[in-house]
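Please prepare a short briefing on this model. Keep to the points that can be checked against the structure.

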2 protein chains.
Amino acid sequence: MQATIMYGPGDVRVENVPDSTIIEPSDALVVVTRAAICGSDLWPYRGYAQFREAGNRMGHEFIGVVADVGSEVRNLKKGDLVAAPFATSDGTCVFCQAGLHTSCVHGTFWDLIDLEGGQAEAVRVPLADGTLYPLPVDQDDALMPALLTLTDVMATGHHAAVTAQVKPGKIAAVVGDGAVGLCGVIAAKRLGAEQIILLGRQPDRLALGKTFGATDIVTERGEEAVAKVRQLTGGYGVHSVLECVGTDLSMQTSLSIARPGGAIGRVGVPHDVTIPAAAPTFFNNLTISGGPAPSRAYFDELIPDVLNGRIQPGRVFDFVGDISQVPDGYRAMDERRAIKAMITF
Amino acid sequence: MQATIMYGPGDVRVENVPDSTIIEPSDALVVVTRAAICGSDLWPYRGYAQFREAGNRMGHEFIGVVADVGSEVRNLKKGDLVAAPFATSDGTCVFCQAGLHTSCVHGTFWDLIDLEGGQAEAVRVPLADGTLYPLPVDQDDALMPALLTLTDVMATGHHAAVTAQVKPGKIAAVVGDGAVGLCGVIAAKRLGAEQIILLGRQPDRLALGKTFGATDIVTERGEEAVAKVRQLTGGYGVHSVLECVGTDLSMQTSLSIARPGGAIGRVGVPHDVTIPAAAPTFFNNLTISGGPAPSRAYFDELIPDVLNGRIQPGRVFDFVGDISQVPDGYRAMDERRAIKAMITF
């Protein structure tokens, strides 16, 4: 079968690899029908990661059809259309029961699983009963992009909004105009934010953000961005900040645009980020929350709004190609020519 | 009148100063009947503060009787028995309305107000209508200690519990066995925590903590404390951590004993504290919240339980003296011979 392997910064290839098969009795084998390239896949692509000698299998967002199940799998059968969140989870441990599947005591992140990845023709899925979400629809090309975002970016934007405590009538800011930030705009609007300020610099993304519900756009950075947000909020700052980048600059901006008592929901994996302990965090009673989104927990809540068209996160995919075009997808995203790439099979 | 002035580390004196009087039309003049020495007063006492040339007026926790009001004061009259929270507030701004009086756009902390302080015979109280809380009782010696704690330590312990998201049936840990930590135990129990682990080292304080509701005591520090808390919680850690110290060690311990998805409510003013941005905070989806407690906002909620005796935070006062004994009170607290000192007039 064909799979995506990254050997080093900028060096991503699609290669023939041994077919994935069931190994553990709790595994399922999924034939992939849609996969995505994630903004976080760009961290290793840009050199912010270590590489295995055999290369890193890539991809942690996919939808597919169950082709086989291990002897212990109870909730899935051959032919089921399923979505795979970006982390595996047993569905039964104390953290899964609490809705925090990314801290499952038995689960892990796809990127830590050797020899499996979603940007491939097939995937062996560990802990299949707890990990895979059976989709309540048939194959439907029009719905697939939006459903695919629930495996990561839309769930992550939603997690940012939830942990930033977005509430009806409040003011939210979304820091970052990547696919997650754009989904954060969708989530903030869905949770009732009255004013949604999107901070970013890419005109096409900002335009999409406006159609998703952003009421104000701030293209400045650093101190100038902070001044602009204050000006837009009566001098007070915002109630909720969705930090969707993960750099130190985005974090400092997020902390500075939150009003006293405000909350920052951060979902950008932090890279060399500093969180000051005293001002403004302590003295302004800021709440800093967030982390890897428990996508598996959010399907039930988000799927109805995808199916009825109230939210359309699938619009973040502006690059579509087959598996041979995966390297083009990485390049397009790296060069910011594409917001997000979807791979069809 | 007599007032308390600190001139440098360890150098606190009670001196005759000009009588406080009404200056602004929104002022009230309060004749103090009870005052307290705060754990945070020990920071300058131990050298962690700058000193004004004329010395620092001390004291931000007091109860007294209104002796005079400025022309704009509407809600108070001569003879009212009032409690003063540790910050002034106008009661009308956006943050006061949101219940975050410590971020009032016109208010400030007593420690930043020149020539006024609660460890004195009288105090000019700015923004009196918004700041002072009229007590719904007459002078009653038995109730005064508990009511006095509402100006700071009990409100602060409550704030730690609220921001640490203590909920019925959950497990809380209280880091620090000072007066705030002990009030944190009261607050955690009051909010329904099922298991309350108190981390501290002073036997008399830990004993009082047990009577307040602590179910487990951990006297270890650092890594050993973390191991002990994990052992007490099935290996998972606690849902809520009330960080009531403000040192880096207490913060790192707090972050390490929180289970994934847990919350840290910090109320110890941070001194040289580092908050790591990635592990464990981000990857464990920890929520870090807290700051200066909006004591003014909590009176309404806490006073009924003080009056009916359900909570007895006044028991933290184990040193009682008149104003001439203020320096003794500082020494006793500094040497950990006293948990907290109350000054009577």
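Helix α8 (residues 222-232) of chain B buries B:A225, B:V226 and B:V229. Buried means that 20 or more other C-beta atoms lie within 10 Å of the residue's own; exposed means 12 or fewer, partly exposed is in between, and C-beta atoms are placed from the backbone. The model is predicted: local features need pLDDT of at least 70, side-chain atom pairs count only at pLDDT 80 or more, and totals for chains, interfaces and linings use all residues. Residues are numbered from 1 along each chain as its sequence is written, while chains are lettered from A and ligands numbered from 1 in the order in which they are written.

**Helix α8 of chain B**
- The buried residues of α8(B) fall within an arc of 100° seen down the helix axis, so they line one face.
- The arc is taken from the directions from the helix axis to the C-beta atoms.
- B:E223, B:E224 and B:Q231 are exposed, on the face turned away from the buried side.
- The buried residues of α8(B) pack against β9 (171-175), β10 (195-199), β11 (216-218), β12 (238-243) and α9 (248-257) of chain B.
- Helices (H or I, at least four residues) and strands (E, at least two) are DSSP runs, numbered from the N terminus.
- B:G234 follows α8(B) and has a positive phi, near 65°.

**Two chains**
- Chain B superposes on chain A by a rotation of 180° with 0.0 Å of shift along its axis (RMSD 0.0 Å).
- This is the relation of a two-fold axis.
- The superposition is by least squares on the C-alpha atoms of residues with pLDDT of at least 70 in both copies.
- B:I288 comes closest to the rotation axis of the residues of chain B, at 2.5 Å (C-alpha).
- Both copies use the same surface: 100% of the contact residues of chain B recur in chain A.
- Contact means C-beta atoms, placed from the backbone, within 7 Å.

**Domains of chain A**
- Domain 1 covers 2-152 + 294-344, and domain 2 covers 157-290.
- These bounds come from an automatic or database domain assignment.
- The domain centres, taken over C-alpha atoms, are separated by 27 Å.
- In chain A, 14 residues of domain 1 are in contact with 13 residues of domain 2.
- Helix α10 (residues 295-307) of chain A gives the most to the domain 1 side, with three residues.

**A sheet in chain A**
- Three strands form an open, antiparallel sheet in the order β2-β1-β4.
- Strands pair if DSSP finds at least two bridges between them.
- Six bridges join β1 (residues 2-8) to β2 of chain A.
- A:A3 has A:E15 in β2(A) as its bridge partner.

How values were computed:
Contact = placed C-beta atoms within 7 Å.
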